[in-house]
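Please keep the structure in view while reading.

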Amino acid sequence: MTYLIVHQTQRHSHRGQATVEFALMAPLVVLCALLLLATLSVSLDTLRLNDIARSAVRSAITSDNPSDAATAIAGLSHVSATTTVDGVTGLITVDASMKKRFPLLGRWLPSLSLHATSTMTREPPLVLG
């Protein structure tokens with residue numbers, strides 16, 4: 001009499017493992033992507049604010065009324081600006097500031113106050129003729 005020994009192998013289903021791993025990691029990956037985009041947006045707004053401050057002080061150093069010139073340039077970009085004129089050294093400083101909310105995450109995070117300062121030496125008004 002011959003006995004036939006049949007080994008039954010257990011079938012392990014690994015198909016569901018990848019789905020569970022994805023379900024656990026997907027929210028973390030999405031959160032990291034949102035934080036990266038929010039940081040990029042704030043960085044770009046900071047660069048933009050620095051450029052506005054530079055443009056405002058550039059306009060102010062050649063103007064008869066530096067404060068009005070700087071405020072007008074900053075107002076075009078919906079940014080508040082304060083101008084300081086030093087009569088002794090001839091330096092004009094423009095401090096620009098704006099409030100910024102984080103994109104997509106602003107509902108849960110507080111607003112940021114971004115500031116930029118630019119200083120240049122006063123120049124005489126340009127006379128053509």
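In which strand is lysine 100 found? Lysine 100 belongs to strand β2, residues 91-100. Strands (E, at least two residues) and helices (H or I, at least four) are DSSP runs, numbered from the N terminus.

This is a predicted model: local features need pLDDT of at least 70, side-chain atom pairs count only at pLDDT 80 or more, and totals for chains, interfaces and linings use all residues. Residues are numbered from 1 along each chain as its sequence is written, and side-chain values use heavy atoms, leaving out hydrogens and water.

**The lysine**

Lysine 100 counts as buried because its relative accessibility is 13%; the cut-off for buried is under 20% (1.4 Å probe, protein chains only). Its side chain makes a polar contact of 2.7 Å with that of aspartate 45. Such a contact is a pair of N or O atoms within 3.5 Å, one able to donate a hydrogen and the other to accept it. Leaving aside residues up to four places away in sequence, lysine 100 also touches residues including Ser41, Val42 and Leu114. Contact means heavy atoms within 4.5 Å.

**The sheet**

The open sheet has three strands in the order β1-β2-β3, paired antiparallel. Pairing requires at least two DSSP bridges between two strands. β1 and β3 are at the edges with a single partner strand each, so one side of each lacks a neighbour in the sheet.

| Strand | Residues |
|---|---|
| β1 | 80-85 |
| β2 | 91-100 |
| β3 | 112-121 |

Six bridges join β1 and β2. Alanine 81 has alanine 96 of β2 as its bridge partner. Helix α2, residues 66-76, packs on the sheet and touches β1 and β2.

Key. Buried < 20%, exposed > 50% of the residue type's maximum accessible area, 1.4 Å probe, protein only. Axes fitted to C-alpha atoms, helices over the stretch in contact; angles between N-to-C directions.
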